[in-house]
Amino acid sequence: MARKPRKQQNFNVVVVGQSGRLGYEAVLFAASLRHHCPDFKGRLLVAEPQAGPLWPNDPTMKGPVREALEALGADIVPFQSQHFGADYPYGNKIEMLQALPKGEPFVFFDTDTLVTGDLTKVPFDFSRPTASLRREGTWPHPPLYGPGYSGIWKALYDRFDLDFESSLDLSEPDEYWKRYLYFNAGFFFYTCPHAFGAVFLDYALSVKNDVPPELACQELTPWLDQIVLPLVIHKLGGGRDTLPQGLLDGAVTCHYRLFPLLYARESDQVIKALETVAAPNKIKKVLKTYDPIKRTVYQGRGHKVRALFDQDNMPRREQAIRNKIKSEGFWMR
């Protein structure tokens, strides 16, 4: 008996856009979404922080960038920064959630992401949120005399009355960072942005304004969003294994982070996707006004970066990749 085709889910895709780098990346993201997901029926929402006391300069997008996003069918959603702003711009992804349509499933992506496949084919279970597992052990850094990973993370779970033991990956050894629920905040999803955002903001402000003693030796900037994100996901019934592997941060999306890093370490498929969606004149006219894209993508520096590395024998640590690119004079952001 033939299998019935899976009904396409309705959900919104969300990025944050503002003046400067994020605006140009948002245009590239929108172009890649439209190119690779022609059947996407949801809304593309570009959340935009508004001018206010927490922004010394106006963060709103202007002119060609704004026009390009609108031409690509994006809805620009303004929001006010009440807690973070310029001092902690990663807080945008926390504060913007309350401005999105209440009760509508959403997938958030950092703007430095390319859509490289059909997002509508990803089997999201919006009731079980997760986030990106493409990360390194960037936080915490346990001090020599303690507390260790367990003590630091357990203090956070205890702060919010969450069950710590059920969050652990028992296939990993004790006091190894992968044993503990930790994500890159490059994507996350849930059934309702307001519900997710309320917990995200509550936890972030609690840790920021009343640091647990076990975190006294830890840097909170720029890691605050990634410190509390696992707690939010755990609270809302999600975890590390609610999506099939190899789709987001795989065949369907690529969180490239910076253009020199993209050319250095991503697949030929990702580079082809980037250059294809950046090629139309109406897109090129906007993107080439941003130097890192102009020089890396349009003027060929990206391929010079790629030639520096053996794709079958890449450095294990990102910092080594960065250092090599910088030493050759090709680093831009």
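1. F11 and F124 are both buried, where buried means under 20% relative accessible area, exposed over 50% and partly exposed in between, with a 1.4 Å probe and protein chains only. The model is predicted, with local features needing pLDDT of at least 70 and side-chain atom pairs counting only at pLDDT 80 or more, while totals for chains, interfaces and linings use all residues. Residues are numbered from 1 along each chain as its sequence is written, and side-chain values use heavy atoms, leaving out hydrogens and water.

2. The structure holds 26 aromatic pairs, a pair being rings of Phe, Tyr or Trp (its six-membered ring) with centres within 6.5 Å, counted as stacked if the planes are under 30 degrees apart, edge-to-face if over 60 and tilted for the rest. The rings of F11 and F124 have centres 5.4 Å apart and planes at 65 degrees, so this pair is edge-to-face. F11 sits in the segment before β1 (12–16) and F124 in the loop between β5 (113–115) and β6 (131–132), so that the pair links distant parts of the chain, 113 residues apart.

3. F106 and F188 also form an edge-to-face pair, at 6.2 Å centre to centre and 85 degrees between the planes. Because F106 lies in strand β4 (residues 106–109) and F188 in strand β7 (residues 184–190), the pair ties together parts 82 residues apart in sequence; strands (E, at least two residues) are DSSP runs numbered from the N terminus. F106 is buried at 1% relative accessibility, and F188 is buried at 0%.

4. Ring pairs join F106, F108, F188, Y190, F196 and F200 into a cluster.

Key. Helix = DSSP H or I, 4+ residues; strand = E, 2+ residues; numbered from the N terminus.
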